[in-house]
Amino acid sequence: MSTPAHTDLPMPQDLPMPQSGTAFVPTNDEAQTAKEYTSDQEVRWCPGCGDYAVLKAVQSFLPTLGLRRENIVFVSGIGCSSRFPYYLDTYGMHSIHGRAPAIATGIATAREDLSVFVVTGDGDALSIGGNHLIHALRRNVNMTILLFNNRIYGLTKGQYSPTSETGKVTKSTPMGSVDHPFNPVSLALGAEATFVARTIDSDRKHLTAVLEAAAAHRGTSLVEIYQNCPIFNDGAFDAIKGPDKADAVIPLIHGEPITYGALLEDGRGSKAVVRDNGGVRIAPTLDVDPGDVLVHDAQDPDPSTAFAISRLTDAGYLNQTPIGIFRQVERATYDDQARAQLATARGGVSDADPQARLAALIGGGDTWTVI
Amino acid sequence: MTKQIKQLDRVIIRFAGDSGDGMQLTGDRFTSQSAAFGNDLATFPNFPAEIRAPQGTLPGVSSFQVHFADHDILTPGDRPDVLVAMNPAALRANVGDLPRGAQIIVDTHDFTKRNLAKAGYTVSPLEDDSLAEFAVHRVDLTGMTVEAVQEFGLSRKDASRAKNMFALGLLSWMYGRPTETTEAFLSKRFAKVPAIRDANITAFRTGWNFGETTEAFAVQYEIKPAPMAPGTYRNITGNLALAYGLVAGGVTSGLPLFLGTYPITPASDILHELSKHKAFGVTTFQAEDEISGIGAAIGASFVGNLGITSTSGPGIALKSESIGLAVMTELPLVVVNVQRGGPSTGLPTKTEQSDLLQALFGRNGEAPVPVIAPSSPGDCFDAALEAVRIAVTYRTPVMLLSDGYLANGSEPWRIPEVADLPAIDPAFATTPNHEVEGGEPDFWPYLRDAETLARPWAVPGTPGLEHRIGGLEKGDGHGNISYDPANHEFMVSTRAAKIAAIADSLPPLEVDDPTAADGDGAKVLVIGWGSTYGPIGAGVRRVRRVGGKVAQVHLRHINPLPKELGEILSRYDKILVPEMNSGQLRMLLRAEFLVDAIGYNQVNGMPIKAADLAEAIGDLVASTERSHP
Ligand SMILES: Cc1ncc(C[n+]2csc(CCOP(=O)(O)OP(=O)(O)O)c2C)c(N)n1
Ligand code: SF4
Ligand SMILES: [Mg+2]
């Protein structure tokens, strides 16, 4: 079992957006505590499960939003991670397998005064719920999706998932899986998600910083959280948590050249990300002109470079993976626009007498009167 | 020339042509004119699933039947008195439905060798004696139309498109229909293209004048207006009435509506209509699939909107897991199923009632859902309002079963007074309903109302009532996850009892048995549900007209069934259940009441014919009177 340890990942920056994701959510001036956000239900994950660390981080993070607790809603699907809402003293719905983004779309569209979170797993979000996920991302509905990626089906006891590496031996794949895995970040960028980030269960500081940026983003924020399942997929993320993690984690910071690995004297990492034939590749930092090291631009309207960076994640054992905010751009949200259409349609129409308007509606068209 | 005028009490006309010939529009216009004139009427559009099947072929034939009368009628009629056939395929596809002596008006222009061959005719039916038993009017509708609209400089193709308006004009003359509504309609519809507007209006007038002047049509018919209850009327289709009923439910409950849906025939018009009513606070969400549509609606209900989802049978199949979630979370939700022919993709544009058992039982687990059905196009309004009432009052998904026949068919509808519509109280929870040990106030989401057994509806944004719901079994009262066996058993029976309790709120079930009061009631009861109301009513009338004694009951509520139903059924020797399925209500009645219900079943995608049903009822009445004198 890997012990949760803080990496020394540099903090991603929360880039200011014109309007916050919580712009219309009523605030609470009084200081809140993690305890207030903790429900009376006993947490029932396996000992050592990465979900505990995320729950603790979220319970500590929510009070810092300064929102009214009754205006926060957590929706989840089915899976170990999807039990999450029961442990938070907010409004919540533990729904059905894969459908949380659809339910959250209704919630976020119906009410601008709610802060909406979705909790989902790699199976929940990418297998059964893949369709809802990509459509939520393309519509850009104002919600924050926490995708707990343990690269396994936990709740059903250990079948391979759409993020398991090819060749994985599980109960359902005794000869090794022949499925090619999804890279959730690539998938989200392909769906033109406006906020895409990746973080790690055991790195409370980085996780919290990403959550802050995600909640502040107006639109759909997808946060992939690498989450260890000590029971069915232990050590899946050891490469990025162990002693050699500096060689595996590629930290992304907006506006900074992307380097990682053992530090050089000038403070840069010994490996650098450079452009290559339309994509990107890794090169020894000292071999490239400093001007050629790719500077991370999370606000690039074109997702191509972010996508290229996401491809640096190796699909098997995670020897190398970018962590941080890949993309954070502004685009009108579905729910804001849907509400604006309602407002436009109502423009000038008095709300005072819906009965009279109903009478006019049903009494319209070609009518005749019988006396 | 002076024309003979003949009085008729009712007429059935069928307009038939190629899918591109505008027959639906023609039928619609004739219907509007008849409505404006004051006849009672009923319509039946019938069209292929393909938008434009190959031109001139049998699969491409589209038709619109309208039945209008000087008295109250219940169906669009079985057999047309008049068939307008725009091409050989339209003639061939419909001639089999005509009674001896019917009139046929054909557009001779389209009876070319090629078109005849496409319709499968080797010899033109206009030249042999195959139509000898009908009165055939051979009219060059296309030719005369093209000539009449020459001055507007349209291409020959565009000019000939107006032939449907020529036909409408001719029929309007034959039956003395008022023409103002159609001229106003055409002016508006084609306002942006004056040449087309003028061509259509001219074709319409020329058709009328042709009827008046030609010797080919010697008789004009008169069908007096039908006496109707005082009020303001409009002609309305089922889908429109259903959408209006939902909007009305939003107004009477004060709840914003949220429709989450995915397009599917024949339900899409409900989405189209509701998307126009944003000013009423109606949000419409065209989702990526049916599951997302209902999911979003459930989410909206969770936060205090009234969630609605609309679809047809295949969509219900996809939604069933989500309906179960709404049953478990006990949230208000209206699920509209505009049924069509099944299974699978089935017959998208045809009608059927074959989703009843799916509605009642098509979910995993013990998942009771109220099921209600409208009986006519106009009744879709009331049924939708009733669905909203039950969903909101009892915090439950409600299945509203319309069908293709109701959805697209139309009838005159007396516009209700908005002030008379009953208010619906969402009764949101705003305060804690429970105390934890030590006296701290708390909120229990599954602490029920003693009478309705409904749980409190506390929406996000309400301080102090934060709670979690979900699909896992709930502990009674507190609503936390519970795997306790006794609790599960209790919750299963409580959910069932809540739905059963809806029966307490229903008006008494009406039995139509005219001679019962004299102690000489019928021995045969005909019972139906949904859109068979018209054909059953018409069939029953026919039997009574020739002296047969027969009782009729029609169900709006199929779950829960009205409380009196068992006793009513026990009064009759024979029970006949006509349905457009293989016997689904019959199976339910047998299972619930141990009665020997007999089926009259038709599953051909078409409404039941009143005449055929009357014969079956008549036979049953005769044999029952013989054996149980
Ligand atoms: C419709 C449906 N199909 C299958 C299941 C069974 N099931 C529950 S959770 C799950 C997979 C969960 O995997 P993941 O989303 O990765 O969550 P984890 O348990 O790993 O957190 C499956 C297949 C279900 N609950 N519902
Ligand atoms: S099975 Fe794995 S993911 Fe599920 S609770 Fe246990 S450790 Fe966590
Ligand atoms: Mg998983």
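Helices (H or I, at least four residues) and strands (E, at least two) are DSSP runs, numbered from the N terminus. The model described here is predicted; local features need pLDDT of at least 70 and side-chain atom pairs count only at pLDDT 80 or more, whereas totals for chains, interfaces and linings use all residues. Residues are numbered from 1 along each chain as its sequence is written, chains are lettered from A and ligands numbered from 1 in the order in which they are written, and side-chain values use heavy atoms, with hydrogens and water left out.

Two cis peptide bonds are described in chain B. In the loop between strand E10 (257-261) and helix H10 (268-274) of chain B lies Pro266(B), which is joined to Thr265(B) by a cis peptide bond with omega of about 0°. Pro343(B) occupies the loop between strand E13 (333-339) and helix H13 (356-361) of chain B; the bond between Gly342(B) and Pro343(B) is cis, with omega of about 0°. In chain A, the loop between helix H5 (184-190) and strand E5 (195-200) contains Glu192(A). The phi angle of Glu192(A) is near 60°, a positive value in a residue other than glycine.

The interface between chain A and chain B was examined next. Contact (heavy atoms within 4.5 Å) takes 56 residues from chain A and 71 residues from chain B. Buried area is the accessible area (1.4 Å probe) that two parts lose on being put together, summed over both. Between chain A and chain B this area is about 5200 Å², and carbon and sulfur atoms give 63% of it. On the side of chain A, the residues that lose the most area to chain B are Tyr91(A), Ile362(A) and Trp368(A), together 17% of what that side buries.

A salt bridge is defined as a side-chain nitrogen of Lys or Arg within 4 Å of a carboxyl oxygen of Asp or Glu, and two salt bridges are counted between chain A and chain B. Arg139(A) forms a salt bridge with Glu288(B), the closest N and O atoms being 2.9 Å apart. A polar contact is a pair of N or O atoms within 3.5 Å; within protein, one must be able to donate a hydrogen and the other to accept it, and residues adjacent in sequence count only if both atoms are side-chain atoms. Between chain A and chain B, 23 residue pairs are in polar contact (both at pLDDT 80 or more). Elements that give two or more residues to the side of chain A that touches chain B include strand E2 (91-94), helix H4 (130-139) and helix H11 (354-362) of chain A. By class, that side has 23 nonpolar, 21 polar and twelve charged residues. For these classes, Ala, Val, Leu, Ile, Met, Phe, Trp, Tyr, Cys and Pro count as nonpolar, Asp, Glu, Lys and Arg as charged, and the others, Gly among them, as polar.

The ligand sites were then considered, a residue being near a molecule if one of its heavy atoms lies within 4 Å of it. Ligand 1 is surrounded by residues from chains A and B, so the site is shared between chains. Of the 17 residues around ligand 1, those that come nearest are Cys80(A), Ser81(A), Asp122(A), Gly123(A) and Asp124(A). A polar side-chain atom of Asp122(A) lies 2.7 Å from an oxygen atom of ligand 1. Backbone N or O atoms also approach oxygen atoms of ligand 1, at 2.9 Å for Gly123(A) and at 2.6 Å for Asp124(A). Around ligand 2 the residues include Trp45(A), Cys46(A), Cys49(A), Cys80(A) and Phe232(A). The shell around ligand 2 divides into eight nonpolar, two polar and no charged residues.

Within chain B, an automatic or database domain assignment gives the domain bounds: domain 1 (4-222), domain 2 (233-420), domain 3 (427-505) and domain 4 (511-627). The centres of domain 1 and domain 2 of chain B, taken over C-alpha atoms, are separated by 34 Å. In chain B, 15 residues of domain 1 are in contact with ten residues of domain 2. The area buried between these two domains of chain B is about 940 Å², with 59% given by carbon and sulfur atoms. Zero salt bridges are counted between domain 1 and domain 2 of chain B, whereas three residue pairs are in polar contact across their interface (both at pLDDT 80 or more).
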